Amino acid sequence: MSVTRSASRLADSRRTFLRYLALSPALASPLLIPGSLGKALASTWAARAFDESDSGAESIQSADQAVNVMEFEELARKALPPAHFAYLATGVDDDATVRLNHEAYQHIEIRSRRLIDVAKLDSSVELFGTRWETPIFLCPVSSMRVFDPEGEVAVARAAANKHHLQMLSTVAGASIEDVTKARGAPVWQQLYPTNDWAVTRAMIKRAEAAGSPVLVFTVDHMDNANNETQTRGRRFDDRDCSACHEKGFAGYVRGKPAFDGLDISKIRALYDPSFTWDYVKRLKDATRMKLVLKGIVTREDAEIALEQGADGIVVSNHGGRGEDTLRPTIECLPEVVAAVKGKIPVLVDGGIRRGTDIFKALALGATAVGFGRPQAWGLAAFGQSGVEAVLTILRRELEKIMRQAGTQSIRDITRAFVIPSA
Ligand SMILES: Cc1cc2nc3c(=O)[nH]c(=O)nc-3n(C[C@H](O)[C@H](O)[C@H](O)COP(=O)(O)O)c2cc1C
């Protein structure tokens, strides 16, 4: 089949997919769903994410022309095959937690102060002895080569140029050595431990050898989540996937550089459902890296994490991809912050799309604030320069609101600067 014909077939199936999503009652009929969830659907998902006519972004020729991060979502949706966009967009069940993660920020207002000298801003933060220019970090996102052939390496170059912390997924499409080289500095290694300790231990040693100072153990991942949007997206994509990646779990693992050279014959899952808190101690004993737990959303678990010696926490619900709780991370953050009493850093991610979102999370006690999907949107739209533009926009927006609200430094952004909407 010629390139033109296969591109036009792809465009056709993408159009059909978008039309399907627009007509889907769960996605397009907020009236069926009461309260804030209904509003969330109306204002974001149905009205924006799946409305093909809403395409001011179509005229964007280069990454620096985008006015906000959301425009990259529209560009990514057009650039990616349906199955890949659906892989990125999906949550679980009704995707409600995905939407609410961002929507919840609309229910927090900022209390700005006036006549404060904000001519010079200091937006830096310190994490485990390293000072970062901004509190904005790149979350681990798996398989980024489906968005751009350079995948995580392009993200690393963007992180290097813009001076941001990058976390690298266990199931990244690039090796930690290549990513570290592209970043020009160590990255934090995210860990899906698998059910095989020998493999886990080998991955930990490899991360240590690559200079990674922090191991981020993701505790909210269960295999076989009910990713309905992803499944539906595949129906609209009749390309032969095996041309690029092997089918099945074993093939998936074989395709990931983190497992190169390891005996993967005993791996059945990325996360073993029999894990308990003892596993945290096991990891602590196995490494000299700092250990951060990603996926904590309650006071109770934050307290246990502290007792078990965790060095940090990421308040996260995996971007709504684990379970549909309807509990946005910004609502989980205050209880986790209260539980740890400043003893360890508390990072947060989920639904961050604006500098004001970052400001609000910092006001509610986050030490640093991360984002997942927007890096993939930027990457899909413009490669490395798209990721750089996303970072630039978020930092610019954060610094703007810091000035407007009268906060000279991140330390100044306290709870007094936010109030729930009436
Ligand atoms: C496509 C995709 C892949 C992801 N892969 C991983 C992963 O490999 N490891 C992990 O800990 N989290 C993973 N996450 C979750 C992100 O690290 C992060 O918690 C989440 O994306 C934040 O929400 P946001 O996308 O709304 O910004 C992934 C998220 C997406 C969207």
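**Ground rules.** I am working with a predicted model, in which local features need pLDDT of at least 70, side-chain atom pairs count only at pLDDT 80 or more, and totals for chains, interfaces and linings use all residues. Residues are numbered from 1 along each chain as its sequence is written, and side-chain values use heavy atoms, with hydrogens and water left out.

**Whole chain.** I found 17 helices and twelve strands; helices (H or I, at least four residues) and strands (E, at least two) are DSSP runs, numbered from the N terminus. Of the 422 residues, 55% are buried. Buried means under 20% relative accessible area, exposed over 50%, and partly exposed in between (1.4 Å probe, protein chains only).

**Core.** Next I looked up the largest nonpolar core, which has 116 residues. Such a core is a set of buried Ala, Val, Leu, Ile, Met, Phe, Trp, Tyr and Cys residues joined through side-chain atoms within 4.5 Å. Phe 72 and Trp 188 are among the members that touch the most others. Leaving aside neighbours within four places in sequence, Phe 72 is in contact (heavy atoms within 4.5 Å) with residues including Trp 377, Phe 382 and Ile 393.

**Two single residues.** Cys 332 is found in helix 14 (residues 329–340) and counts as buried because its relative accessibility is 1%. Not counting residues up to four places away in sequence, Cys 332 touches Val 297, Val 315 and Arg 327. I then turned to Gln 230 in helix 10 (residues 228–235). Gln 230 is also buried, with a relative accessible area of 14%, and touches Ala 86, Tyr 87 and Thr 90 when residues up to four places away in sequence are not counted.

**Salt bridges.** How many salt bridges are there? I have 17 in my notes, each being a side-chain nitrogen of Lys or Arg within 4 Å of a carboxyl oxygen of Asp or Glu. Arg 288 and Glu 208 meet in one of them at 3.6 Å, N to O. That pair links distant parts of the chain, 80 residues apart, with Glu 208 in helix 9 (residues 197–209). Arg 288 is exposed at 69% relative accessibility, whereas Glu 208 is buried at 9%. Lys 284 and Asp 311 pair at 3.1 Å, N to O. Last entry: Glu 58, Glu 74 and Lys 78 are linked in a network of salt bridges.
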